[in-house]
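I opened this notebook to record what I looked up in the structure, entry by entry. The entries follow the order in which I turned to each topic.

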Amino acid sequence: MHLPRLSTDRLSRKSAPSPEAEAPFAVWANLAGAERLTAVDARAEAAGLAPGMAVADARAMRPALRLAEADPRADAELLGRIADWCRRFTPLAAADPPHGLLMDISGAAHLFGGEAALLAEVERRLAAQGFAARAAIAPGPALARALARFSRLRHVAGGTTQAELEAIAAGLPIAALDLDAAARLRLDRAGLRSLGDLLARPRAPLTARLGAEAMARLDAIACRRREPISPRFEAPDFMAERRFPEGLTRQEDIERTLHGLAQELCLLLERHGVGARELEAVFYRVDGAVAHIETGTSRPLRDPGTIALLLRERLAVLAEEGLDTGYGYDVLRLGAARVERCAEPQEDLGLAGRANAHDARLDDLVDRLGARLGPRRVLRVYPQASHIPELAVTLRPASGPAPAAVEEAAPPPYLREGVPARPLRLFERPEPIEAVALTPDGPPLRFRWRRLLHELAAYEGPERIAPQWWSAPENAATRDYFYVEDREGGRFWLFREELLDRESQPPRWFVHGLF
Amino acid sequence: MSRSGSSERIVFLRRRIAALEAGGAPAPAAVPRDEGLSRLFDPGRGGLREALPARPTDAAAAAGFAFALALSRLRLRPQGGIVWIAEDMAARELGLPYGRGLQAAGLPPELLVLARTHRPRETLWAMEEALKSGAAVVIAESWADAGAYDLTASRRLALAARRGECAGLLLLPRAAGAAQRLASAAEARFEIAAGAPPPRAEGAPRPLPGPPAFRLRVVKARGLVGAFDPQAWRDIVFDHQEAEFHGAPFHALPRRASATPFDRPALAQKRAFA
């Protein structure tokens, strides 16, 4: 599919029709120091303007020309969104920058009444949204791409023989090869105008002149070689979808449909003996917008109720952020993007089985919390082999895999007569304090933290924690930790930071944790 | 003081008068102190409990108390684990739960799931979900004010806790000092202050910090109405090895400082004479 006027359509479909909007419209960018047009709309083209023209020339030709600066990023984003939208026709859709889209419709066209009907529907729907689009269907993606751009022929049926395909390819101009300007000029000078001229010639000299890449492209267009489409999103292995003649707008309806889809999906999963680890629900709105929700699970899932519950959480988040149902969603699709072999539920007797059931419930909780809060906000604690306090544990998403277990020196010497030597709470960043100490290596007599003055009542320390000399940067500081209790009973874990080679500077004090 | 707070106090006093009239001997409380506490902390029961610091600086102590309570429940019911919900604001003010510290205090890290939330609403939602999920204990720290944590919210949480047979501990550091004014459907509410530091003898060097000590006031205890004086402070110490609370402090604590309610000296004198 080719969208030749993507840049201008992007802007003009936003503005309301008005007398001004009748004027020709073009987009310009600063290319190699000169302001040149990069895209023109249909009226501008009819008026004789073309991409590559200097802005000043264009203005001189058409004083009424409306201009806007090019925004390649917005164009690319829009193209991506259109590719998403295209996935309502087939799961395999890919953006083909700068102005194209590729869809693999094998096995999908009959759902829309055949290839020709599908072609018409795609173009009609895009035109309704304000995009000038030319689509073509062919047995090979490269051929379809070339047809959409350079040929009137729009539909090459699947059963066409190789000879016929080559005849079609032969009619295409050299430009379909996407060669650089110099190579094109050389071919032009040699009198080669169409692909047929190239196909008829011996390969070896051509390869030497044009390079292997161009020849590969030529082969692809002639369908001698099949190039795969690399889709924007991996097509899910298992999916279920529903289409509605009218868009769904009520959230309850959407939830109910999702529940139905979950049941269908679970049947599929069960037949293959797998469970979903990543789920993806896609909503296609009537007016072309596409909403995605994705959620991961911490164990292979194939229970429709649980899946529907997870999706409901995600949907609730969307609803809180303002889910715009607009004219409604007319296609809903639920897919399992990643699956894993799922152990058959086994009835166990005894306590072990009960404990497992419990873990499963906790896993479900982790998924549900993760669906709403984001998987990176639901964490588990894993000990690490490090003596630096903040590196001694790591927090990882609870739904993800656990890091390799660390060999721990049997019970760490953290307990002194019922007194834990590590704080219950640690600040993500140590907070600087003002402290007054009597001796250079002693505890602070008093310190000011968050504008409050604390007086020392009891303490233990110092416990010296040096940086890892084998990996620390040059200026890493040694820390002397103190367990300090103030007159009010507040318990703090303070440290004094000392730069070993700069002892003349006063030491800096920090609060690192609270007991 | 709110109506609920004063009515608890009146019930307590009535019980006490009844006991005086019946037996003649002055009974300090209807239920002996430690038995009452252990019934209140009874880890077998599910339910929603609230911990509020007495002063803003006691927030860490309140969190420590909630964790100690969680540990004592886990000792009896090890399956299920702890779900700890930390709101961003609370994490900024108090820090995040530290794995090594929890380990040192007796919690194996694999039993912990830590959920971080942005807003009080999220925290309360996550807490309700967690209470229903069959975790043994759910600790939630929320910066919620009375607007976000109202009767409806607390009722939902209390129901979820009862249904899930789960102990829910809600820490409200922002409501420091407001324990008597809060209205909620919780089973019990504790007002926590940090325990007094160990005393220092004249001329002696500064002592070592003792085990985690708290001063607490049972502001509300459903089902145990009248068993606790909602205005009496008591000292408790948590023993990590046994994972249980002791009514008396480990080190010989002079009764004067610790038993005095810091905001009601007159009441303290009366109690001293009683």
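Entry on chain B. I looked up contacts between residues at least 6 apart in sequence, and in chain B 77% of them join residues at least 24 apart. I keep in mind that this is a predicted model. For the secondary structure of chain B I noted 9 helices and 10 strands, and of its 274 residues 60% count as buried.

Entry on the nonpolar cores. I asked which residues touch the most other members of the largest nonpolar core. In this core of 58 residues they are Phe65(B) and Ile192(B). The element that gives the most to this core is helix H3 of chain B, residues 59–76, with 11 residues. Chain A takes part as well, since the core draws at least three residues from each of its domain 4 (378–410) and domain 5 (421–514). I then noted a second, separate core of 38 residues, whose members include Val366(A) as well as Val138(B), Ala158(B) and Ala161(B).

Entry on helix H6 of chain A. In this helix, residues 141–150, I listed the buried residues as Ala142(A), Leu143(A), Ala144(A), Ala146(A), Leu147(A) and Ala148(A). I next looked up what covers the buried residues of H6(A), and found that the cover includes helix H7 (162–170) and helix H11 (212–221) of chain A.

Entry on H10(A) and H11(A). From H10(A), the residues Arg203(A), Leu206(A), Thr207(A) and Leu210(A) meet Ala212(A), Ala214(A), Met215(A) and Asp219(A) of H11(A). Sorted by class, the contact of H10(A) with H11(A) has 5 nonpolar, 1 polar and 2 charged residues.

Entry on Thr306(A). I placed Thr306(A) in helix H13 of chain A, which covers residues 304–321. Is Thr306(A) buried or exposed? Thr306(A) counts as buried, because its relative accessibility is 14% and the cut-off for buried is under 20%. Leaving out residues up to four places away in sequence, I found that Thr306(A) touches Leu301(A) and Asp364(A).

Conventions:
Residues are numbered from 1 along each chain as its sequence is written. Chains are lettered from A and ligands numbered from 1 in the order in which they are written. This is a predicted model: local features need pLDDT of at least 70, side-chain atom pairs count only at pLDDT 80 or more; totals for chains, interfaces and linings use all residues. Side-chain values use heavy atoms; hydrogens and water are left out. A nonpolar core is a set of buried Ala, Val, Leu, Ile, Met, Phe, Trp, Tyr and Cys residues joined through side-chain atoms within 4.5 Å. Buried means under 20% relative accessible area, exposed over 50%, partly exposed in between (1.4 Å probe, protein chains only). Helices (H or I, at least four residues) and strands (E, at least two) are DSSP runs, numbered from the N terminus. Domain bounds come from an automatic or database domain assignment. Contact means heavy atoms within 4.5 Å. Ala, Val, Leu, Ile, Met, Phe, Trp, Tyr, Cys and Pro count as nonpolar, Asp, Glu, Lys and Arg as charged, and the others, Gly among them, as polar.
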